[in-house]
Amino acid sequence: MQKTQMAKQADSDLLQLVIFRLGEEEFGVDIMAVQEIIKMPAITVIPQAPEYVAGVINLRGRIIVVISLGKKFDIQSCDKNDEYKVIVVELENQIIGMMVDSVSEVLRIPSSSVDAAPDIIRSGVSSNYMQGVGKLDDRLLILLDLRNVLSDYETEQLTQFV
């Protein structure tokens with residue numbers, strides 16, 4: 001095998017992830033799903049929206065719904081701080097902001113270091129958003145499948161707010 005082919009093979013075995021925190025836990029999402037990461041802007045609250053919907057923001061003239069991943073996953077977020085970030089992603093042809101406690105890094109990990117979620121976790125109703133668990137030295141990263149974070153019904157519901 002030529003060196004360039006070996007390098008391409010090695011690159012295809014690496015996952016490039018955006019790492020963020022919710023409470024005490026670290027999560028990762030595929031960088032290809034992320035459009036941008038922004039500081040927490042002013043959010044307009046939407047009356048009678050589901051609890052996990054933080055509100056809407058104006059991102060360069062475009063109205064975007066922001067959901068709180070902490071509330072969605074029932075994870076106690078840190079106290080309000082200056083590190084809150086919004087990860088802007090596209091789900092089902094809809095741009096959505098996902099509020100997280102902080103974004104720490106972009107990381108490359110070998111796909112061989114990712115295990116499937118343990119059966120006890122996968123049997124939970126809300127665990128279908130887990131793609132697996134990444135092992136990294138003394139850290140465990142919960143890898144999210146963003147396509148499953150919101151159900152089809154919830155995604156459809158969000159279109160009402162923009």
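Predicted model: local features only at pLDDT ≥ 70, side-chain atom pairs only at ≥ 80, totals over all residues.
A search of the whole structure identified two cavities of 30 Å³ or more. The largest cavity holds about 40 Å³ of space, and its lining is made up of L91, E92, L146, R147, V149, L150, D152 and T155. When these lining residues are sorted by class, four are nonpolar, one is polar and three are charged. The second largest cavity, with a volume of about 30 Å³, is lined by F20, V29, L69, I87, V89, M98, V100, L144 and L146. In this second lining nine residues are nonpolar, while none is polar and none is charged. Strands β6, spanning residues 85–91, and β7, spanning residues 94–100, each contribute at least two residues to the lining of the second largest cavity. L146 is named in the lining of the largest cavity and also in that of the second largest cavity.

L158 belongs to helix α4, which covers residues 152–158. Apart from neighbours within four places in sequence, the residues in contact with L158 are V53, V65, I67, Q94, I96 and L150. Among these contacts, L150 is also part of the lining of the largest cavity. The C-alpha atom of L158 lies 9.4 Å from that of V66, although 92 residues separate the two along the chain.

Conventions:
Residues numbered from 1 in each chain as written. Heavy atoms only, no water. 1 Å grid on protein atoms, 1.4 Å probe; cavity = no way out; pocket = protein on both sides within 12 Å on 5 of 7 lines; lining within 4 Å. Points joined across faces, edges and corners; volume = space filled by probe spheres on them. Nonpolar A, V, L, I, M, F, W, Y, C, P; charged D, E, K, R; others polar. Helix = DSSP H or I, 4+ residues; strand = E, 2+ residues; numbered from the N terminus. Contact = heavy atoms within 4.5 Å.
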